[in-house]
Amino acid sequence: MLTARRAFGDRIRDARLAAGLSQERLGELVDADRKTIHRIEYAISDPPLTLLFRIARAVGVPLSELVSEDDCE
C-alpha cells in the first residue's frame, strides 16, 4: 500500500505544480495547512475523502485522475 500512497502523492504534487500552486497556496484553497499537503504528497498520511475532492477541484483535475486502482497491489 505504501507504493500506492507514494504514487498518489506524486500525482497530487504533479497536479499542484502544473496548476502553479505552492503547498501553502493549495492548503489555503482547500482549508488545510501546508504541513497537511506535504504529508499527503510524501505518503506520510492518508487524507479524508472530502479533502481529496477539494484538492482535485483546486488543482483542476478530476479525482479519478489522481486515484488509480493500478496502484493498489
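Me: Then what joins the side chains of E41 and R16?

Reply: The side chains of E41 and R16 are joined by a polar contact of 2.5 Å. Please bear in mind that this is a predicted model.

Me: Where are these two residues found, E41 and R16?

Reply: E41 belongs to helix α3, and R16 to helix α1.

Me: Is E41 buried or exposed?

Reply: E41 has a relative accessible area of 1%. Buried means under 20%, so E41 is buried.

Me: And R16, buried or exposed?

Reply: R16 is buried as well, its relative accessible area being 6%.

Me: Which residues is E41 in contact with, leaving aside neighbours within four places in sequence?

Reply: E41 is in contact with G9, D10, I12, R13, R16 and Q23. For R16, again not counting residues up to four places away, the list is L21, S22, Q23, L26, E41 and V59.

Me: Q23 and L26 are on the list for R16. Which residues are buried in helix α2?

Reply: In α2, which spans residues 23-30, the buried residues are Q23, L26, G27 and V30. Viewed down the helix axis, they fall within an arc of 100 degrees, so they line one face of α2.

Me: Why would residues three or four places apart point the same way?

Reply: An α-helix has 3.6 residues a turn, and therefore residues at that spacing point the same way.

Me: What do the buried residues of α2 pack against?

Reply: They pack against α1 (2-18), α3 (34-41) and α4 (49-59). After α2 comes D31, which has a positive phi, near 60 degrees.

Me: Changing topic: how many aromatic pairs are found in the whole structure?

Reply: The search finds zero aromatic pairs. A ring does take part in another arrangement: the charged end of R13 sits over the ring of Y42, 5.2 Å from its centre.

Me: Finally, what is the mean pLDDT of the protein chain?

Reply: The mean is 92, and 92% of the residues reach 70 or more. Among the elements, α2 has the highest mean pLDDT (98), whereas α5 (residues 63-66) has the lowest (92).

Technical notes. Residues are numbered from 1 along each chain as its sequence is written. This is a predicted model: local features need pLDDT of at least 70, side-chain atom pairs count only at pLDDT 80 or more; totals for chains, interfaces and linings use all residues. Side-chain values use heavy atoms; hydrogens and water are left out. Buried means under 20% relative accessible area, exposed over 50%, partly exposed in between (1.4 Å probe, protein chains only). Helices (H or I, at least four residues) and strands (E, at least two) are DSSP runs, numbered from the N terminus. The arc is that of the directions from the helix axis to the C-beta atoms. Contact means heavy atoms within 4.5 Å. pLDDT is the predictor's confidence in each residue, from 0 to 100. Rings of Phe, Tyr and Trp (its six-membered ring) pair if their centres lie within 6.5 Å; planes under 30 degrees apart count as stacked, over 60 as edge-to-face and the rest as tilted. A charge sits over a ring if NZ of Lys or CZ of Arg is within 6 Å of the ring centre and within 35 degrees of the ring normal. A polar contact is a pair of N or O atoms within 3.5 Å; within protein, one must be able to donate a hydrogen and the other to accept it, and residues adjacent in sequence count only if both atoms are side-chain atoms.
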